[in-house]
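This report describes selected side-chain interactions and nonpolar cores. The sequence and structure are shown first.

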Amino acid sequence: MAANVGVIRRVVSLKNGLKSKLADSEPNFWAYEIEGAVAELVVAKAMNRYWDGSVNRFKADGDIGKMIQVRHTREHHNRLIVRPDDADDKPYVLVTGCNLVYRVPGWIFGRDAKREEWREAPVNRAPAYWVKQQDLRPIDTLNEYIVRSEEETNG
């Protein structure tokens, strides 16, 4: 399912003339889209949450539910990227890996990630905040936060 969603997302992006933020550094956009969709599914499964595999939602909602944003990198040692225009009040979850071998090192709120000492502008990339895995919160604490937020919203 996630592979199909990734392919559909890529086709829609091509049709609409949308460019990837990694346009200069990502040689295989198809794999990038597929792995990103798989990463979303990995987080949903890790949190025992539903993943709808939506297309064209961008930042309107989360990648999972209304809040959770998922960031993926193929290398297990890499950091979580949070961009300056990313929402401060949303949680960002890091997924590492590829080819069906994934890890979920943790998460952080956008506002907590935007620390000046984490701001970098790697070659061919716009400045962003790069959070080391050791500075992320465990994934099980995110589920606790989401349940609390849903209870406050609904009651």
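## Arginine 137 and its salt bridge

Arginine 137 is partly exposed, with a relative accessible area of 34%; here buried means under 20% relative accessible area, exposed over 50%, and partly exposed in between (1.4 Å probe, protein chains only). Its side chain meets that of aspartate 112 in a salt bridge (3.2 Å, N to O), a term that denotes a side-chain nitrogen of Lys or Arg within 4 Å of a carboxyl oxygen of Asp or Glu. The pair links distant parts of the chain, 25 residues apart: arginine 137 is in the loop between strand E6 (128-131) and H4, and aspartate 112 is in helix H3 (residues 110-113). Aspartate 112 is also partly exposed, at 27%. Helices (H or I, at least four residues) and strands (E, at least two) are DSSP runs, numbered from the N terminus.

The model is predicted: local features need pLDDT of at least 70 and side-chain atom pairs count only at pLDDT 80 or more, while totals for chains, interfaces and linings use all residues. Residues are numbered from 1 along each chain as its sequence is written, and side-chain values use heavy atoms, with hydrogens and water left out.

## Other salt bridges

The structure holds 6 salt bridges. In one of them, glutamate 120 meets arginine 79 at 2.7 Å, N to O. Glutamate 120 lies in strand E5 (residues 119-120) and arginine 79 in the loop between strands E1 (69-73) and E2 (80-82), so the pair ties together parts that are 41 residues apart in sequence.

Arginine 115 forms a salt bridge with glutamate 117, with the closest N and O atoms 2.6 Å apart. Arginine 115 is partly exposed at 39%, whereas glutamate 117 is exposed at 52%. Arginine 115 also lies over the face of tryptophan 118, 4.1 Å from the ring centre; this requires NZ of Lys or CZ of Arg within 6 Å of the ring centre and within 35 degrees of the ring normal.

## Nonpolar cores

A nonpolar core is a set of buried Ala, Val, Leu, Ile, Met, Phe, Trp, Tyr and Cys residues joined through side-chain atoms within 4.5 Å. Of the 21 residues in the largest core, Val43, Ile68 and Leu142 touch the most other members. Helix H2 (29-46) is among the elements that give two or more residues to this core, and H2 gives the most, with 6 residues. A second, separate core of 10 residues includes Val82, Tyr92, Ala113 and Leu136.
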